[in-house]
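Please examine the sequence and the three-dimensional structure shown below. The explanation that follows them is meant to be read with both in view.

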Amino acid sequence: MIFGFYLFNRDGICLYHEEWKRSRTVSSREDNHKLLFGLLFMMKAFVSKLSPKDGCEFHSFKTAAFKLHYFDTPSGLKFVLTTDDKTPNLRDCLKHIYSSIYVELVAKSPSQEIGKQIEGSHFSQSLNKYVQSLSYFQS
Amino acid sequence: MSQQAKNLQRAGDIAFSKMEKVNSELLSLTYGAMVSQLVKEFEDAAEVSRQLEKMGYSIGQRLIDELLAKANVSACEDFKDTAQTIAKVGFKMFMGINASVANVNEEGTEFSLLLEDNPLNDFVELPEHLADLRYSCIYCGVIRGALEMVNMRVECSFAKDVLAGDDSTEIKVILVDKLEDEFPFKDA
């Protein structure tokens, strides 16, 4: 079951956030975003320092209630999917979202300013269509 | 050519074959019309070159994501890798240009890109009063914008241009600064 999707840029701005299932209400979306970005930033730094090999990246973490899947690009974009703990690694899905949805609809869109939240419905529609078509969406 | 350059060349060819293509004459003529318009507006060759570079900068900031997503290149270990990636993958994939890297300095902070051909130059002749115009200056902006998004600040300029009468086209890239990813929020 896929719970949500987040997209952050290099400066910590949450470019896009979508929730398909959430049981608890959150205090403030902004605080939630900052917290999540902080966690991702620290995890990345922590993983590279602790790793026995050079150039190891953080892919996901799992708790009893959920799993967080992560993919980032050298250009600083951070793609995140939260799912239930039984879903296998969705890194390839995140890569697909980056190359086929983000690049085509956001990077190439002249009306979309860099560094600002994603506006317009194209990205949202394509993303929803893709995520809802995954077999893991309802399980 | 080193093995790594060969690999990048293959990656560049594969990426080029997957890209949507547009008629090169259409591109050359459209670009030429745009430069003509800029010349009418600004009249000064140096200012037009600056405007082209600025446009290139905006393009580069977005182009980098397309390159990273579609070309299947791994992270660059040093600036020389970056040079080879731009030459073999970047120029090939987006413009079909075969480029090579030359004149890498000892510290690995400067390099030159030699372009075998340049479709933007097709049908172009620079008049006398625009002899200083860097016609393809947009490339310099693209390189600067793209590299800034991957934490490298560079200065990019044309060292030689066939349109100006030189025998080849050469772009010089100098690494000014490597930027570090900083945590953007003040308190945790």
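Predicted model: local features only at pLDDT ≥ 70, side-chain atom pairs only at ≥ 80, totals over all residues.

Residues are numbered from 1 along each chain as its sequence is written, chains are lettered from A and ligands numbered from 1 in the order in which they are written, and side-chain values use heavy atoms, leaving out hydrogens and water.

Helices (H or I, at least four residues) and strands (E, at least two) are DSSP runs, numbered from the N terminus. Helix 1 of chain B comprises residues 3-18. From its first C-alpha to its last, this helix reaches 23 Å, close to the 22 Å expected for its 16 residues; the expected span is 1.5 Å times one less than the number of residues. Its residues Ala5(B), Leu8(B), Ala11(B), Gly12(B) and Ala15(B) are buried, where buried means under 20% relative accessible area, exposed over 50%, and partly exposed in between (1.4 Å probe, protein chains only). Seen down the axis of helix 1 of chain B, these buried residues fall within an arc of 120°, so they line one face of the helix; the arc is that of the directions from the helix axis to the C-beta atoms.

Side chains of opposite charge can pair when their charged atoms come close. A salt bridge is a side-chain nitrogen of Lys or Arg within 4 Å of a carboxyl oxygen of Asp or Glu, and the count over all chains comes to 13. One of them joins Lys44(A) and Asp72(A), at 2.5 Å from N to O. Lys44(A) lies in helix 1 of chain A and Asp72(A) in strand 4 of chain A, 28 residues apart. Asp72(A) is buried, at 11% relative accessibility, whereas Lys44(A) is partly exposed, at 35%.

Lys70(B) and Glu66(B) also form a salt bridge, with their closest N and O atoms 3.2 Å apart. Because they are four residues apart in helix 3 of chain B, about one helical turn separates them.
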